[in-house]
Protein chains: 2
Amino acid sequence: MLHDFKPSDDGLDKARRKAEINRLREKLAAQQQSVMAAKLPVIVLVEGWDCAGKGHLINELISEMDPRFYRVAVYKRVPENEERYPFLRKFFEPLPENGKFLFMDTGWMEDCVYKYLRREITAEEYERRVDACNIFERQLRDNGYIVVKLFLHISREEQLSRIAELRENIDTEWRVTGDDLWQHKEYKAFRRAYGEFMEKTSVCGEWHVLDAGNRKKRLLAGFQAITQAIDSALQNGRYVGRAGKSDFPLLGGPSLRDADLTRSVTPEEYKEELKRLQEKLAALHNKIYRKRIPVVICYEGWDAAGKGGNIRRLAYPLDPRGFDVIPIASPTPDELARHYLWRFWTRLPRSGHVTIFDRSWYGRVMVERIEGYCGENDWKRAYGEINEFEKALVDYGTIVLKFWIHIDPETQLERFELRQNTPEKQWKITDEDWRNRDKWPLYETAVEEMLQKTSTVYAPWHIIESVDKKYARIRVLRIVTDTLEQAVNEHITRGVKKECARPKKNRD
Amino acid sequence: MLHDFKPSDDGLDKARRKAEINRLREKLAAQQQSVMAAKLPVIVLVEGWDCAGKGHLINELISEMDPRFYRVAVYKRVPENEERYPFLRKFFEPLPENGKFLFMDTGWMEDCVYKYLRREITAEEYERRVDACNIFERQLRDNGYIVVKLFLHISREEQLSRIAELRENIDTEWRVTGDDLWQHKEYKAFRRAYGEFMEKTSVCGEWHVLDAGNRKKRLLAGFQAITQAIDSALQNGRYVGRAGKSDFPLLGGPSLRDADLTRSVTPEEYKEELKRLQEKLAALHNKIYRKRIPVVICYEGWDAAGKGGNIRRLAYPLDPRGFDVIPIASPTPDELARHYLWRFWTRLPRSGHVTIFDRSWYGRVMVERIEGYCGENDWKRAYGEINEFEKALVDYGTIVLKFWIHIDPETQLERFELRQNTPEKQWKITDEDWRNRDKWPLYETAVEEMLQKTSTVYAPWHIIESVDKKYARIRVLRIVTDTLEQAVNEHITRGVKKECARPKKNRD
């Protein structure tokens with residue numbers, strides 16, 4: 001692939017190339033407004049060899065753009081803490097809003113290839129990450145992102161001469177890092193790996209290999225790739241992907257019909273079990289801290305089913321330094337203008353921590369579906385996207401637990417009326433709750449479909465009967481403690497080996 | 001102070017203490033709603049000895065609270081990157097929104113005392129930070145925050161026995177860090193330093209020293225301090241501070257009247273100087289990168305004065321991996337619900353980076369003053385708060401440059417009309433621009449007052465005549481390059497010594 005790379009001749013003399021560059025520079029600046037008007041988000045991924053001029057290229061690309069509408073993300077040195085999250089998280093974080101641009105100075109290619117060649121990840125983990133990159137790119141495309149992928153290519157000789165040039169000057173010398181020198185030494189291995197990576201990730205969008213030996217040619221080719229991609233997107237309108245075929249290991253999920261809502265505990269049982277399980281959970285929290293296992297707990301359920309009280313009993317024994325409760329309400333404008341999983345990707349627990357989501361990404365296939373906040377293709381596609389999201393978490397070593405807190409409509413009515421009639425509880429009941437209640441059958445259908453389509457072997461749903469709230473609390477605590485207990489006995493954080501090491505000096 | 005600490009007896013027997021704790025637990029949960037209704041932001045700072053039970057205490061305090069309305073921030077181990085920002089930044093970051101709670105597991109006390117005793121900062125820098133903490137607390141109070149400061153005290157013997165207990169169990173053993181053991185060894189030095197810190201920072205709010213040897217007493221005292229502070233704030237309403245007396249080293253600032261708007265450059269001069277200065281700036285950017293000098297450049301000016309084009313010429317020679325342009329528009333609801341400097345504190349450049357603010361914190365004393373978006377006390381107080389903010393940046397070693405891009409009303413009118421009449425420029429002109437234009441005299445008064453009151457020796461204003469936009473660009477480039485040149489020749493990053501070291505392996 002790369003070893004027989006021949007730069008395509010753009011057939012221009014110097015003056016004409018310069019004129020063409022200036023024309024496209026203006027064009028890109030003008031496209032910014034059309035992109036804004038069409039609310040299209042654009043990602044320009046700039047990968048390539050060390051010293052190939054990625055920074056320079058980006059700077060030329062943005063030179064006439066309005067800085068209010070783009071952002072540059074740099075990945076060459078990722079904060080150490082990122083190792084404590086699934087590797088894709090850092091690429092979700094800077095996703096542009098609709099109508100804006102993101103330029104990335106290296107990204108998921110460099111991250112995968114570099115760690116693989118450095119043997120920081122195994123070959124098996126590398127393959128898993130390449131698959132994850134394809135899924136990531138497809139999700140971006142299906143959710144309307146324009147992704148332009150550039151690879152800046154230089155020969156080994158050219159790289160050497162650039163390294164030498166940088167090292168001649170005291171002010172630029174420090175830019176040549178040990179990593180750069182090592183890449184130069186391993187040029188052949190990198191060439192093979194870059195080439196293979198591009199072959200494997202051309203599924204959702206082609207790679208543009210730019211002849212980076214010549215600064216002007218490189219720039220022209222970059223402008224061409226970007227402006228053409230935008231032209232085409234502006235013509236075709238925002239892309240909306242359809243649901244792909246599902247090949248997830250589904251359990252055929254639980255059904256609400258099978259729930260036995262008469263289940264209950266006696267006050268004595270409750271008191272005793274609550275104490276016992278909370279103490280057990282406190283001890284387990286120490287263990288998962290130590291073993292650096294991340295835990296995601298997702299609560300969904302009917303209004304007034306008792307989620308809040310349930311979460312409080314679960315959180316009480318946890319060390320507040322090691323858990324977060326994230327309440328999920330309607331998305332803010334910021335969140336609405338991005339991939340709908342963005343606000344969840346960016347709030348994942350670090351390894352060893354617990355995050356409890358009070359409502360979650362399943363809003364996509366419930367409220368957003370029912371209220372029409374997203375299109376039919378969007379929520380139909382979401383089952384697969386959510387399974388992929390949870391798979392990425394589990395592949396990283398995360399424990400994913402999902403609870404549907406369940407009651408019947410009569411119980412809900414009683415609780416609504418109690419709230420209505422108790423002054424200090426009135427704030428808990430709103431008109432929206434009553435409106436949602438009227439849509440109970442619609443929600444029931446959506447919930448059943450969700451349980452069927454997203455109960456995977458790696459992240460199954462648990463229906464928690466909660467007419468007796470105390471029963472529900474004990475049941476959740478029991479599932480959580482059982483799962484964590486099993487995990488600390490068996491768990492190996494996959495992929496990133498050093499994650500399991502004991503912290504040396506400081507606690508966190 | 002601490003060495004003769006006598007726990008005050010709460011005069012309760014076990015059963016009554018337990019009942020009182022439960023009463024206050026419920027009370028705090030109820031206060032959450034009043035605090036929400038009154039839109040008061042609450043910060044509970046929990047400082048104290050290692051192993052004194054800070055985490056436990058916080059967990060008990062929040063046990064009945066609604067997790068949607070509080071957050072816990074943990075500082076024991078701060079990400080390394082924080083060393084690359086002024087030290088207060090990390091405490092601004094989690095500031096709660098109006099109506100919400102923030103619990104801090106250690107904070108500015110531990111950060112100062114620990115670094116000082118570890119000799120990571122000099123005695124002089126320590127004193128500067130203590131002053132900065134007082135300023136921070138006053139700014140919080142003046143901007144309506146309720147700050148409750150708790151210190152958890154245990155004796156040396158008690159600490160030893162807790163360390164021993166943790167080390168007995170394999171699952172808790174790792175919680176005892178080298179830092180804890182070192183603190184135990186240096187107990188006396190810490191006791192003196194903690195005591196002195198509390199004496200020096202009792203200006204804007206008292207410290208509550210809690211007898212943490214007894215878990216229940218500690219908890220009761222914590223609940224008491226918090227619920228009383230909230231009761232008092234609910235009674236008195238949101239506090240609005242008045243402007244204090246100014247003792248900043250003011251320059252008596254430039255005046256718009258002294259600007260000579262006929263200044264211009266010839267096309268040849270422009271071309272030549274632009275190239276020369278941009279090349280010089282590119283080289284200087286490498287140097288400040290290497291010396292880890294952070295740079296903040298703030299642009300203010302009349303609508304249509306040419307800020308955008310000016311910024312683009314300044315940014316063009318910069319390495320995009322090392323600078324950001326932050327456009328400042330009306331605050332989002334998120335931002336509006338916090339200290340008005342929050343959105344600037346959280347967007348500062350890391351050491352070695354450049355951040356260009358396209359409009360800035362000076363909105364407080366211009367648009368917010370004129371449109372009445374904040375009260376009179378708020379904008380009058382802001383001159384001092386802004387001087388303090390910039391002082392904190394400069395104390396850290398930041399270069400702060402402030403440009404007022406200046407034109408006369410006639411030039412503005414010409415440019416507005418040109419925009420109106422040129423299809424591809426129409427998006428740049430809005431009704432708001434015309435409305436602002438009508439308020440020219442009001443703005444002029446506000447600008448003059450701003451120039452007078454915030455031109456400090458450490459962060460002076462520069463008026464940039466921009467009737468000839470090319471002249472303005474050259475002038476800004478000249479000031480920036482001159483300032484950076486001087487800085488790289490003289491600069492010592494104060495306080496944090498290791499900041500100046502050369503990066504070892506990776507560039508960033």
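Figure 1. With a relative accessibility of 38%, Lys380(A) counts as partly exposed; here exposed stands for over 50% relative accessible area, buried for under 20%, and partly exposed for values in between (1.4 Å probe, protein chains only). The structure is a predicted model, in which local features need pLDDT of at least 70 and side-chain atom pairs count only at pLDDT 80 or more, while totals for chains, interfaces and linings use all residues. Residues are numbered from 1 along each chain as its sequence is written, chains are lettered from A and ligands numbered from 1 in the order in which they are written, and side-chain values use heavy atoms, leaving out hydrogens and water. Lys380(A) is joined to Glu376(A) by a salt bridge, with 2.7 Å between the closest N and O atoms. A salt bridge is defined as a side-chain nitrogen of Lys or Arg within 4 Å of a carboxyl oxygen of Asp or Glu. Because Glu376(A) and Lys380(A) are four residues apart in helix α16 (residues 376-396) of chain A, about one helical turn separates them. Helices (H or I, at least four residues) and strands (E, at least two) are DSSP runs, numbered from the N terminus.

**Figure 2. Salt bridges in chain B and a network in chain A.** Over all chains, the whole structure contains 97 salt bridges. In one of them, Glu124(B) meets Arg128(B) at an N to O distance of 4.0 Å. Both residues belong to helix α5 of chain B, where they are four residues, or about one turn, apart. Glu124(B) is exposed, its relative accessible area being 57%, whereas Arg128(B), at 18%, is buried. A further salt bridge links the side chains of Asp319(B) and Arg321(B), at 3.1 Å from N to O. Asp319(B) and Arg321(B) are both buried. In chain A, salt bridges with shared partners connect Glu83(A), Lys90(A), Asp111(A) and Lys115(A) into one network.

**Figure 3. Aromatic pairs in chain B.** The structure holds 56 aromatic pairs over all chains. Because their ring planes stand at 90 degrees, with the centres 5.1 Å apart, Trp49(B) and Tyr194(B) form an edge-to-face pair. Trp49(B) belongs to the loop between β1 (42-48) and α2 (54-61) of chain B and Tyr194(B) to helix α9 (residues 187-200) of chain B, so this pair ties together parts that are 145 residues apart in sequence. Trp49(B) and Tyr194(B) are both buried. In Phe91(B) and Trp108(B), the ring centres are 5.8 Å apart and the planes stand at 75 degrees, so this pair is edge-to-face. Phe91(B) lies in helix α3 (residues 89-92) and Trp108(B) in helix α4 (residues 108-117) of chain B, so the pair connects parts 17 residues apart in sequence. Phe91(B) is buried, as is Trp108(B). Rings of Phe, Tyr and Trp (its six-membered ring) pair if their centres lie within 6.5 Å; planes under 30 degrees apart count as stacked, over 60 as edge-to-face and the rest as tilted.

**Figure 4. An aromatic cluster in chain A.** One aromatic cluster includes Tyr75(A), Phe91(A), Phe92(A), Trp108(A) and Phe136(A). Among its other members are Phe344(A), Trp345(A), Phe357(A), Trp361(A), Tyr362(A), Phe389(A) and Trp461(A).

**Figure 5. Positive phi values at Ala304(A) and Arg119(B).** Ala304(A), a residue other than glycine, has a positive phi, near 65 degrees. The loop that holds Ala304(A) runs between β6 (295-301) and α12 (307-315) of chain A. With a relative accessible area of 7%, Ala304(A) is buried. Phi of Arg119(B), likewise not a glycine, is near 60 degrees. Arg119(B) is placed in the loop between α4 and α5 (123-142) of chain B. Its relative accessibility of 69% makes Arg119(B) exposed.

Figure 6. Ile399(A) is part of strand β9 (residues 399-406) of chain A. From C-alpha to C-alpha, Ile399(A) and Glu199(A) are 33 Å apart in space and 200 residues apart in sequence. A distance of 53 Å separates the C-alpha atoms of Leu102(B) and Tyr270(B), which are 168 residues apart along the chain.
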